[in-house]
Amino acid sequence: MENFVYEYPTKVCFGRGAARQHLTGLLAACGPNVLLAYGGGSIKKNGVYEEITGILKEAGKSITEFTGIMSNPTWAKVKEGAGLARENKVDLVLAVGGGSVIDCCKIVCAQAVTDEELWELEMVQHKAPSAAPIPLGAVVTASGTGAEMNGGAVITNEETKIKGGMFAAAPRFAILDPAYTMSLPRMQVLSGAFDTLSHAMETYFGRSDRDNVSDEVALAVMHSTVVNMRALLKDLNDYTARSNLMWASAMAENGILKVGRVTDFECHQMEHQLGAYTDCNHGQGLAVLHPAYYRHIVKDAPEKFARLGKAVFGVEGAEAAVDALAAFIQECGLPVRLSQLKSRVEITPELLRQVADSINLLPNGPRQLTRGEVYIILMECM
């Protein structure tokens, strides 16, 4: 294994009724002013908003609402939230939602305490924020990204057409109640679960190819994710499957799988830039891209692909593993072509050329791609 330092900053409260059981105690450690952040208002329809605001009021907290956080959260939205946090002297940001809401709030917490523009600091100067961020808590209502258990965030700068990773505030605590995910549409649940599978695969296919504990855990997370996605195909209201997928999501991005590893994540870079130019769903974009990408690199890591195929899908051989992944994507009803993605922006060869030309190329996979090869992969997905 590679050398590592592992530290875990987030207290997790998991299970049915977790908010009612634990949130009041967690709030006791924070000041009186809370920025309650959420997305398009679905939490008002499923009862989550009423429960969370009730707990906040019972705890004597003053609530400022930060609403309308979109999928693929933008830098403009981050600045809006940071302004609200400063104006209202916020002591805690409470993100209620999925990965987009939590990601946006991570950067809000850091941007609110400094006059430096963090996009310029992190993305241009490649420096980390120095000021301590506002404390962040997360109440997860849509799992898949694992955003609740790390300090990374994916933010889109609409002016520069860059969607990239930033680092700021890891949540101090996270409430994971699988019951909160029960009202989600079928495709949103499956898309989120595929994002979990992608995180585990991209960690596993990093260029560190020596056997290690982290790879074993990654394969177990992948297998569990596939098994429980199939369970949801039979019964979307299967609470046990929802529970397992929610914890698999957290496990895939809390650093455990990355311990002692160098990770790949080139497919994520492709999807991020596709998301910068379109408004496609992240998990669905990954479902389209992964088989095409893996067919380009399968001969560069045949033993690892074969091991995955046997452990996750029960097939023999490297190419069979890629075929099994592609078949599983179809089995789940996820998109298999870029033309099937629901994007308001037309996906054309010219747009894909721009995506390929602006992608962040990583050296950590089985083989580093060129921008030309990225364009070929994207075009194969048309």
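**Exercise 1.** Is D323 buried, partly exposed or exposed?

Solution. Step 1: apply the classes, where buried means under 20% relative accessible area, exposed over 50%, and partly exposed in between (1.4 Å probe, protein chains only). Step 2: D323 has 44% relative accessibility, so D323 counts as partly exposed.

Before going on, note that this is a predicted model, in which local features need pLDDT of at least 70, side-chain atom pairs count only at pLDDT 80 or more, and totals for chains, interfaces and linings use all residues. Residues are numbered from 1 along each chain as its sequence is written, and side-chain values use heavy atoms, with hydrogens and water left out.

**Exercise 2.** Find the salt-bridge partner of D323 and state which helices the pair ties together.

Solution. Step 1: a salt bridge is a side-chain nitrogen of Lys or Arg within 4 Å of a carboxyl oxygen of Asp or Glu. Step 2: the partner is R295, with the closest N and O atoms 3.7 Å apart. Step 3: R295 lies in helix α11 (residues 282-297) and D323 in helix α13 (residues 318-331), so parts 28 residues apart in sequence are tied together. Helices (H or I, at least four residues) and strands (E, at least two) are DSSP runs, numbered from the N terminus.

**Exercise 3.** In what order do the strands of the open sheet lie, and which are the edge strands?

Solution. Step 1: two strands pair if DSSP finds at least two bridges between them. Step 2: the six strands follow the order β1-β8-β5-β4-β2-β3, with parallel pairing. Step 3: β1 (11-14) and β3 (62-66) are the edge strands, each pairing on one side only. Step 4: β2 (residues 33-37) pairs with β3 over five bridges, and V34 stands opposite I63 in β3.
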